Amino acid sequence: MSHMGLTGSIPPFTEEVTEAQKREATSPRSDSGPGMRTQVLLTPRPLLSLLGHVPWVANKYIPSPLISLILPTQVYGAVMIINRGNPFQKEVVVDSWPDFRAVVTRRQRQAKSDDLDHYTNAYAVFYKDAGTYQEMLKDPNIFNWEQVFQIQGLQDGLYDIAKAVATSKQFETQLFSFKAVQFPDSKLIPDVPLRTNPALRLSSLSPADADLLNGTWSRGGNELCLRYLAELVRHFPSVCVLGDDGKPVSWALSDQFSTMCHSYTLPEHRKRGYGRLVSTTLARKLRSRGFPIQGNVFEDNVPSIALLKTLDVKFLPCCFYRIILTPAVFSVPARL
């Protein structure tokens, strides 16, 4: 099977496309070498037209209302970020075009990476055919099997296939599952004013806050995560409440897939409505920039689930899965 890559750091999409651009967008460009399967890089129009396939995917291939949610939440965010400067150097690979059966978003292979950094070495997957996903997963030209990496997605078969392939390659796997969440349209998000201490104010996080974020995140506490968080707040929308000393006391940020993450309030500042405030403010900020509003939460995180219910979010009837794959040579317990 040949695979096609939809890639690029591309300008905002417009309907006016010259004939030269059309030829460039639809003409194959070989990205192969000795022993590699041919990958064809198409840019820029097919990348954005992938978004136009969402209702078509839902209606034609899988008779489930979930599919109309799966592709936007897992791939749509990455494609939008690619189209907004591509700060994490992402690209999209499909098995064929336009009649694709599986989609993988990944870090560009030429991008500098740390083989131990599963935070940045992240793939999001959507498939209509499990066999195609499995074949793509086996392909070392699509997935980098020489490093620790993670796979994200919403489909139940994601882990079983990853586990089987990983075992055959002598990799260890760790599975983490969450409740998947979608926020309502911004017009329906409750307006939450800041009605407390006048010394408090809303702001955005800074890379200088990475130490604080790293020390309070369940996925953090290490140098790789510290670096990752600094990059997230440098490039993607975030919101925080600043205390009277100018330091964050409550915050929420978004990641490389436009997923809201690490919403947290310092214990001494809880039960004042800050968590609700930063979540709604970030949701509005993401929507205003055209990004999907999505998130995930541990099933046993009762306070966060209760907070999300007050925001009228939709808890999807599927789980969000994060799978961390580690070569035996690098085998150490990973943080989720």
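This is a predicted model: local features need pLDDT of at least 70, side-chain atom pairs count only at pLDDT 80 or more; totals for chains, interfaces and linings use all residues.
Reader: OK, back to Arg101. What does Arg101 form a salt bridge with?
Author: Asp95, with the closest N and O atoms 3.1 Å apart. A salt bridge here is a side-chain nitrogen of Lys or Arg within 4 Å of a carboxyl oxygen of Asp or Glu. Asp95 counts as buried, at 3% relative accessibility.

Reader: How many salt bridges does the structure hold?
Author: It holds 5 salt bridges. One of them pairs Glu91 with Arg106, whose closest N and O atoms are 2.7 Å apart. Glu91 is in strand E3 (residues 90-94) and Arg106 in strand E4 (residues 102-107), so the pair ties together parts that are 15 residues apart in sequence. Helices (H or I, at least four residues) and strands (E, at least two) are DSSP runs, numbered from the N terminus.

Reader: Are Glu91 and Arg106 buried or exposed?
Author: Both Glu91 and Arg106 are buried.

Reader: What about the rest of E3, how many of its residues are buried?
Author: E3 is mostly covered, with 5 of its 5 residues buried. Lys90, Val92 and Val94 point one way, while Glu91 and Val93 point the other way.

Reader: How many bridges join E3 to E4?
Author: 5 bridges, and the two strands run antiparallel. Two strands pair if DSSP finds at least two bridges between them. In this pairing, Val92 stands opposite Thr105 of E4. Thr105 in turn stands opposite Ala124 in E5, and 4 bridges join E4 to E5, again antiparallel.

Reader: Which way does E5 run against strand E6?
Author: Parallel: E5 and E6 (residues 149-153) are joined by 3 bridges, and Ala122 stands opposite Gln150 in E6.

Reader: Why call E5 enclosed?
Author: Because 6 of the 6 residues of E5 (residues 122-127) are buried, it is largely enclosed by the rest of the structure. One side carries Ala122, Ala124 and Phe126, and the other carries Tyr123, Val125 and Tyr127.

Reader: Switching to helices. Where do Arg234 and Glu231 lie?
Author: Both are in helix H8 (residues 223-235), 3 residues apart, which is about one turn of the helix. Elsewhere, salt bridges that share partners join Asp114, Asp117 and Arg227 into one network.

Reader: What covers the buried residues of H9?
Author: The cover includes strand E8 (201-203), strand E9 (238-242), strand E10 (248-254), strand E11 (259-265) and helix H10 (302-310). Among the buried residues are Tyr274, Leu277, Val278 and Leu282.

Reader: Lys285 is in that helix too. Buried or exposed?
Author: Lys285 is buried, with a relative accessible area of 18%. Leaving aside neighbours within four places in sequence, Lys285 is in contact (heavy atoms within 4.5 Å) with Ser204, Pro237, Ser238 and Val239. The C-alpha atoms of Lys285 and Pro237 are 7.2 Å apart, although the two residues are 48 residues apart along the chain.

Reader: Last one: how many disulfides?
Author: There are 0 disulfides, where a disulfide would be a pair of cysteine sulfur atoms within 2.5 Å. For Cys319, the closest cysteine sulfur is in Cys318, 7.1 Å away and too far for a bond. Cys240 counts as buried, at 0% relative accessibility.

Methods:
Residues are numbered from 1 along each chain as its sequence is written. Side-chain values use heavy atoms; hydrogens and water are left out. Buried means under 20% relative accessible area, exposed over 50%, partly exposed in between (1.4 Å probe, protein chains only).
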